[in-house]
Amino acid sequence: MLAECAALAERDDTAFAVTLLAGTPTHEGRESEALRRWAAAAARFGTDLAADAAEGDPPRVVERSGGLDRDVPLLARYRSRPEPTVEVFVDTVALAEELIGLLGWRDLYPRGSVRAAALAHEAGHHRLHDPAVKRRLRVALDHPVLRLGRWRLLGHVAGADEIAAHAYAGAALGLGRGPLLVTAALARAVAALRED
């Protein structure tokens, strides 16, 4: 299991983003070039968004356990209602920190960076919840769904916000690799542990 997780580090962050998009409903049968273009555009958007100063109050943070009780481990979750809140799942964060140590990835993810990345990731979702930011992401993705003469209607790309939030977190914290690597390794490790 550790060897499988360690091998994930050989893939670049764009490959993880393309895999995320390919596994998102509505993208079945999409050409890999379109997925790669959207993945790169969403990652650039998230990185650029992290360089912009955030306006308004940050969401409140609540710590919980139970992130490992799901089919896919959950590090954190953003909820916009009734008030912007980030739920951090401390059991999953602890397991991810332990996995990073076992894999020898401390140079990529210093101690404490999993929780920080989870918070930054959800702060990215909070920023992406702003309608003006959502529009800017749609423009960056450039996915026309309707054309009438010179007019184009740009569509939503399912999963692009997730890639943007991961890139936002990686850029905000200056990590050696984006959080998608840890997320993939954690999912692989949890799946292997459940099989035993």
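User: How many of the 16 residues of α5 are buried?

Analyst: This is a predicted model, in which local features need pLDDT of at least 70 and side-chain atom pairs count only at pLDDT 80 or more, while totals for chains, interfaces and linings use all residues. Residues are numbered from 1 along each chain as its sequence is written, and side-chain values use heavy atoms, with hydrogens and water left out. A residue is called buried under 20% relative accessible area, exposed over 50% and partly exposed in between, using a 1.4 Å probe and protein chains only. Helices (H or I, at least four residues) and strands (E, at least two) are DSSP runs numbered from the N terminus. In α5, 12 of the 16 residues are buried, so this helix is largely enclosed by the rest of the structure. Among the buried residues are Ser113, Val114, His121 and Leu128.

User: What span does α5 reach from its first C-alpha to its last?

Analyst: The expected span of a helix is 1.5 Å times one less than its number of residues. Helix α5 reaches 22 Å, close to the 22 Å expected for its 16 residues.

User: In what order do the strands of the open sheet lie?

Analyst: Strands of a sheet pair through backbone hydrogen bonds, either parallel or antiparallel. Here two strands are said to pair if DSSP finds at least two bridges between them. The open sheet has three strands in the order β1-β3-β2, with mixed pairing. Its edge strands are β1 (60–64) and β2 (76–79), each of which pairs on one side only. The twist from one strand to the next averages 20°; for such angles, axes are lines fitted to C-alpha atoms, for helices over the stretch in contact, and values run from 0 to 180 degrees between N-to-C directions.

User: Which residues of β3 are the bridge partners of valine 61 and arginine 64?

Analyst: Valine 61 has valine 86 as its partner, and arginine 64 has phenylalanine 89. These belong to the parallel pairing of β1 with β3 (residues 85–89), which has five bridges. Strands β2 and β3 instead run antiparallel and are joined by four bridges, and arginine 79 stands opposite threonine 85 in β3. These two strands form a hairpin with five residues between them.

User: Which residues point each way from β3?

Analyst: In a regular strand the side chains alternate between the two faces of the sheet. In β3, Thr85, Glu87 and Phe89 point one way, and Val86 and Val88 the other. Five of the five residues are buried, so β3 is largely enclosed by the rest of the structure.

User: Which helices lie across these strands, and at what angles?

Analyst: Helix α4 (residues 90–103) lies across β1 and β3, at about 55° to β3. Helix α5 (residues 113–128) lies across β1, β2 and β3, at about 25° to β2.

User: Which residues of α4 are buried, and which are exposed?

Analyst: The buried residues are Thr92, Val93, Ala96, Glu97, Leu99, Ile100 and Leu103. They cover an arc of only 160° around the axis, which puts them on the same side of α4; the arc is that of the directions from the helix axis to the C-beta atoms. On the other side of α4, Glu98 and Leu102 are exposed. The buried residues pack against α1 (2–7), β3, α5 and α8 (179–195), where contact means heavy atoms within 4.5 Å.

User: Which residues touch the most other members of the largest nonpolar core?

Analyst: In soluble globular proteins, nonpolar side chains tend to be buried together. A nonpolar core is a set of buried Ala, Val, Leu, Ile, Met, Phe, Trp, Tyr and Cys residues joined through side-chain atoms within 4.5 Å. The largest such core has 47 residues, of which Trp105, Tyr109, Leu128 and Leu141 touch the most other members.

User: Which residues take a positive phi, and where is the cis peptide bond?

Analyst: Most residues other than glycine have a negative phi, and most peptide bonds are trans. Threonine 26 has a positive phi of about 95° although it is not a glycine, and its place is in the loop between α2 and α3. Aspartate 142, also not a glycine, has a positive phi of about 50°. A cis peptide bond joins arginine 81 and proline 82, with omega about 0°; proline 82 is found in the loop between β2 and β3.
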